[in-house]
Every structure is written in structure tokens, then in C-alpha cells.
Amino acid sequence: MASEPDVRARLQRAGQEHLLRFCAELAPGPRAALLAELAPLEPEALREHCRRAAAACARPPGPAPDLAARLRPLPPERVGSAYRGDAGMRRLWEAEGFHQISQNKVAVLLLAGGQGTRLGVTYPKGMYQVGLPSQKTLYQLQAERIRRVEQLAGERHGTRCVVPWYIMTSEFTLGPTAKFFKEQDFFCLDPNNVVMFEQRMLPAVTFDGKAILERKDKVALAPDGNGGLYCALADHQVLEDMERRGVEFVHVYCVDNILVRLADPVFIGFCVLQGADCGAKVVEKAYPEEPVGVVCQVDGVPQVVEYSEISPETVQLRRPDGSLLYSAGNICNHFFTRGFLQTVTREFEPLLTPHVAVKKVPYVDEEGNPVKPIKPNGIKMEKFVFDVFQFAKNFVAFEVLREEEFSPLKNADSADRDTPSMARRALLAQHYRWALQAGAHFLDAHGAQLPELPSLPSSAEPPAVCEISPLVSYSGEGLEVYLRGQGFRSPLILDENRARVLQP
């Protein structure tokens, strides 16, 4: 156990000795916990972290004066599409993706370090239920998509294959997530193929560069952003585990997208056949000012430029056909080769520049009284997973339809966007469209056929409730055998456990 004099000396070198100002009055247990929390903090790194946080916060926000002149959209030859162009090429990409999956060369990696605070819950987002008829959580939907894509690849190639699931958690989410998976029997996945690991935590910092004490016996720590992935991969030898399994390609995604297609064979195949070391799925921005980052080039280098960094004039620019010039919205859905991730962890991670998030951080005042601030009082420094795009030798983007692949869950239902109700409607609307495409039609309470709305937007309530288990269909395939030529009353539940359609 670290001694108090040693920890105090290290904090003095970092200019952060104030973190021990209540140490003398703590009972042995809390004192030991505080010292254990402080002991791993390297003095030079802590001093530099606090200095950089204060300096970054002091910089004026908004776009850099010369950014507009340095900005360019991605070259067309580096962009593929799930819905434009040649359907034959998409089938080729899909075949390549399934081939790689069948060879056990593809893994998925979930970014799940954040809590559901904005949702109004204290547990990890992946445990959230949006109110589907099945009451499935985000974690269960994702696990079942893994099982289905393994099944599809295995059937195509006559093999048994595995898509390992790596889950990056944080101090806040590791325990609850691990407990939940055990309670759910890992959703029928082999526990040996579900690998959880923890990202680093960083102290929150005041505007004048002092680490914040949340309680007398605890520093205010926060996960280091989803870009903390690269340190975490090294800390926990995750890439070495992938190498032992023969994994060459990694699909990285964020926990809160209810429509995410894990190990999407079309995306994987496109990236592999393009020889990409790094790729990103994108959706077309809904409107110029939509608050999403844009995948583009800066000085010829691929980057995600945050919406707050682009001038109002630039976001309005359009192509000759009337579409937005900078329309490629980032959705935190990425492809990496294992070799690229190894290079990032060994060479490039120290070059990543942290981003500033100004937050309300609970703290103790000089008398040791807990304070919950009513306005932002601290800085949390984060790295973003996309910060490494700049290091790619062969970066590609892949356009997907928002209504098929992107509906994030971020806010409680009282908000005006990214809510549980919106996520639920997006999934049910997708399944309603799939049922129509498979030849089903829907009936009202009197048996009359309801009008078909095949182009129903994801934000609209579908005329009938339809939920299709991911174990039955990954992306709308194989539904004709259950649905063609039949009429169904709402709700229609295509349930894998009974291998039949459930009707009220």
C-alpha cells in the first residue's frame, strides 16, 4: 500500500498537494482508499494534464479562423454506399465480409464506458430497455445480432465461426455490466468470447488547473473518453488476445445506437476489398446545422470536424446537385485493422490531443462540505475514438441510411431528440418496413387491410407494431418464409424461441 508521505511528495511535484488536505481527519479505511486512488497518478503526467486542461479551456471556442480554406469533402473514390450505385458490388462486399467472418477474422468492440445519466438512470446504457414488446435491452439486441451474423456466415461457408465481443467499460460500468451479463447467461454467447476491459480515469480539473476533490476521500474522476480505447487496448493486452484468436479486422461501435449492425458483412467486405486500414460509417446530415461531426479532410488528412468548429457559412455549402457539400455525419461506427490499432497504440496515441468538456462537477469546499454546483465549474478532458483517422494510410467512408442504421439513445423522453421513444419507434418502423418487403400486410381490428407505408420514416409511429428478433433476421433477410402473402393484426412478434409468428 502506498504511504502517505510518498503520495504527498508525488502530489507536491505535480502541484496538486491540496488533494490530501482532509487526509488527517479521515478514518483508516477512507484514508487508505484515497491514497490507493492517488498512488497510480504519475506526477509529471498529472501536472501536464491539469495544465493542458486549463490552457485548453482558456482558448476561445468556435472554428479556427483558417479552417474553411483547409476543409475539403472526402474524395468520391474513398466513399462507398450501402444504397447508391451497383447492387452487384454490394453483394460482392457482403460475400467478402461473410468470408472473413467465417474465417474467425472479425471481432466487434463495444464502447460502453458511459453511464445513463442523461437518460435519468444510474446503470450502464446497454442495460436500458426502450419499451419494445420483447422488453429486450440494448445489450441483448446486440448479442443476438452477433449470434445471427455468426449463423449466417457459418451457413454460407459450412463452418462454425466466432465473432468475439470486446467491451470497453469504465470504473462506473464494469461491475454492473459484468453482473448483468452473468445474470443473463451472456445471452447464450460463450463467456470466453466476451472480453470486458476497463478504460482509464482522469481527474476533473478546475478552470485554474487544480484537480477536483469530489469528497474528502475521493478525487473527481471521469473516463478519458471513447478515445481512451487506445490506452486501454495496451493496458489490458487486448490486441494480443485478438492476435491469438486470429482476428484481423475490428468493428468498433458505440453502445447507444439501437440500429447498429454488429460485424456488418457489407461494411467489413467493402473495407477489406478497398485495402483500408481505417473506415467510418456515415449518414447524410438531416439538415445543415445538425449537431453531428462531419467526416471530411483537413489539409488533405481525414478527420472528424465537430459541428461547433465549422462556420455557419461552411455548413450551408452545397454541391451542384443541391446536396450538402459536408454531409457525411459521423455515427461512431468504425472499421480498423488490428495492424492499424497496434501501430496507434505503439506510436501515435501520445500524439492525440484531448478535447475539453466543461461540466458541473460535484466537489467539497474548503471546510469539507459537499457542493453540487448549479453551473459548470470544472473541465473533463476526453479523447475521441476518431482522433486516429489522421494516421490512416488508407481511410474510407461508407454511407448508410439513417433509418436503417442509426438511432442513438442519449436523452430522457423529456428531450426533443435521441430519446427512448424515438429509438423504439426507429426499430419498430424498420421491422414494419422489413415485413412489408417480405410480402406481409397488416389488418386493423376489423380485419380490413391497413394502407402500406413502405417509406415510413424512422421518426414516425408505424401503423402496426412489428418486432422481429435479431435471431430471425439480421438485416431483413429470410422473412418471406414466415410472412409472404399473409395478413397480421398488430402486434406482430416474430419470436425466435417459438420459431413462429406470435399474434394476439
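Start by selecting helix 9 and helix 12: their crossing is left-handed (the near helix is turned anticlockwise from the far one by less than a right angle). This is a predicted model, where local features need pLDDT of at least 70 and side-chain atom pairs count only at pLDDT 80 or more, while totals for chains, interfaces and linings use all residues. Residues are numbered from 1 along each chain as its sequence is written, and side-chain values use heavy atoms, with hydrogens and water left out.

In the selection, helix 9 is residues 238–245 and helix 12 is residues 338–348 (helices are DSSP runs of H or I, at least four residues, and strands are E runs of at least two, numbered from the N terminus). They pack at about 155°, axes 11 Å apart, with axes fitted to C-alpha atoms over the stretch in contact and angles running from 0 to 180 degrees between N-to-C directions. The pair is therefore roughly antiparallel (angles over 145 degrees).

Now show side chains: Leu239, Met242 and Glu243 of helix 9 meet Arg338, Leu341, Gln342 and Thr345 of helix 12 (heavy atoms within 4.5 Å).

Next stop, the second largest pocket, about 790 Å³ in volume. A pocket is an open set of points on a 1 Å grid over the protein atoms alone, where a 1.4 Å probe fits, with protein on both sides within 12 Å along at least five of seven lines; lining residues have an atom within 4 Å of a point. Select Ala45, His49, Arg200, Met201 and Leu202, the closest to its centre of 28 lining residues. Then colour helix 3, which gives the largest share of the lining, 5 residues.

Definitions and conventions
Points joined across faces, edges and corners; volume = space filled by probe spheres on them. Parallel < 35°, antiparallel > 145°, perpendicular 65-115°, else oblique.
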